[in-house]
Amino acid sequence: MNTPAELLIDTAAGPAHVTTPAPRASWWELSAQDADTSVTQTPTWLDCLCETGPYRDASRLYAFGEGVRIVLPLVSRGRRPRLLDVEESWPTGWGTGGPVVPGGAGPEHARAVFEDLGRRPALRVGVRFRPQDAETWQRAAPGYFRLESHLTQVLDLDGGFGAVWQHRFHGRARRDIKRAEKAHVEVEVDRTGRLVPVFEQLYDQSIERWARKQHEPLALARWRQRREFPMGRLATVAARFGESCAVWVAWRDGEPAASIVVLRHGPYAKYWRSAMNRDLAHRTWAVPLLTRLAIEEACETGCQIYDMGESAPGSSLEHFKAGFGAVGRPSPRYARERLPVSAVEHGLRTAVKRVIRFQDA
């Protein structure tokens, strides 16, 4: 772990002490006081990211006057020169980051954090904020931070599973679940990492399916997907989260049909990943069944929110999540670049897609 450095900076909110990386004790203390802290805002999540990717801990603890403290989860690409570095909360595929602050940040403190990030020497700095804080940080964002719109689909578990089943699940979701219950599907849930290889097997099958659907060379599809979600990442998450990481698998006649991964922290349960044998999963309605069981367990363990993550507007995935009552909430990402790196990267991706006649799934 990096030795913390302490800085004193001037901000619109007055002098602030910044410690980086953020001391873990302070981070855990603030996350316990902040009822909206999600799985992806914990030190454990950062540890998983650094262990399975080319990242280092760049988190920042801001201490203002009157006892106001804010932790910003953050990683950097540690092996790059500082002027070519990228600091993010979080990189693509790692979900929502953003500040941990009990009671929410005041406008002057939100502006102070943006000021500090704007002065960072990194080539690019990006933070994706959780839905609960979107309005506060949107008002505070300076013009040189570019807005990237995102929606996170979340299901309110208030009232328990009976209320969720009756009033939030759509009729089509209840119908598919009942079909699955008649399809002789066996369901297993593991919290030890034992079923991680089963998920990986199904994930490889999913990559092959995506490649065919997107008219993408299989080697390129595997490189792209495994760059974002490399072998070993789920095993690391399962080992570090322990009982809070559930790998659900639906079986039919001894063959895995589908698997989902659900993480839990405080009042939040988070659907993180899924994979399937498409033909078998569709014949058995395995994914709706696993989703129903994971949501029911979240209710039984006292969770208040089931976070189903992001999906493209108008996509079949968005439609599927909406069937369980998940509602899209703004989860904006703000980024500052010293050079138009994102525009260049987007142009290169677009050019490659044209060459291979890529079709977005």
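Two strands are said to pair if DSSP finds at least two bridges between them, and the elements themselves are DSSP runs numbered from the N terminus, with helices (H or I) of at least four residues and strands (E) of at least two. The model is predicted, so local features need pLDDT of at least 70 and side-chain atom pairs count only at pLDDT 80 or more, while totals for chains, interfaces and linings use all residues. Residues are numbered from 1 along each chain as its sequence is written, and side-chain values use heavy atoms, with hydrogens and water left out.

With that in place, consider the open sheet of four strands, whose order is E1-E2-E4-E5 and whose pairing is antiparallel. E1 and strand E5 (69-72) stand at the edges, each with a single partner strand, so one side of each is left without a neighbour in the sheet. Neighbouring strands of this sheet are turned against each other by 20° on average, direction ignored; the axes behind such angles are lines fitted to C-alpha atoms, for helices over the stretch in contact, and angles in general run from 0 to 180 degrees between N-to-C directions.

Strand E1 (residues 5-9) pairs with strand E2 (residues 16-20) in the antiparallel sense over five bridges, and Leu 7 has Val 18 in E2 as its bridge partner. Six residues lie between the strands of this hairpin, where Gly 14 takes a positive phi near 100°. On the way to the next strand of the sheet, E2 is joined by three bridges to strand E4 (residues 60-63), and the two run antiparallel; here the bridge partner of Val 18 is Tyr 62 in E4.

H3 lies across E1, E4 and E5 and runs at about 135° to E4.

How do the axes of helix H1 and helix H2 cross? The axes of H1 (residues 24-33) and H2 (residues 43-52) come within 10 Å and cross at roughly 130°. H1 and H2 are therefore oblique to each other, given that angles under 35 degrees count as roughly parallel, over 145 as roughly antiparallel, 65 to 115 as roughly perpendicular and the rest as oblique. In this contact, Arg 24, Trp 27 and Trp 28 of H1 meet Pro 43, Thr 44, Leu 46 and Asp 47 of H2. The residues of the contact divide into four nonpolar, one polar and two charged, where Ala, Val, Leu, Ile, Met, Phe, Trp, Tyr, Cys and Pro count as nonpolar, Asp, Glu, Lys and Arg as charged, and the others, Gly among them, as polar.

Some backbone details deserve a separate look. A cis peptide bond, with omega about -10°, joins Thr 20 and Pro 21, and Pro 21 is found in the loop between E2 and H1. The peptide bond from Ser 89 to Trp 90 is also cis, with omega near 10°, and Trp 90 is found in the loop between strand E7 (86-89) and helix H3 (107-118).

The other sheet to follow is an open one of seven strands, with mixed pairing and the order E11-E12-E13-E14-E15-E10-E16. Strand E11 (186-190) and strand E16 (327-330) stand at its edges, each with a single partner strand, so one side of each is left without a neighbour in the sheet. From one strand to the next, the twist averages 30°. Within this sheet, E13 and strand E14 (residues 268-276) pair in the antiparallel sense over eight bridges, with Val 262 standing opposite Tyr 271 in E14. Grid points are joined across faces, edges and corners, and a volume is the space filled by probe spheres set on the points. A search of the whole structure finds one cavity of 30 Å³ or more, and about 90 Å³ of space lies in the largest cavity. Strand E12 (245-252), strand E13 (255-265) and helix H11 (286-300) each supply at least two residues of its lining, and Val 262 is among the lining residues.

Definitions and conventions. Contact = heavy atoms within 4.5 Å. 1 Å grid on protein atoms, 1.4 Å probe; cavity = no way out; pocket = protein on both sides within 12 Å on 5 of 7 lines; lining within 4 Å.
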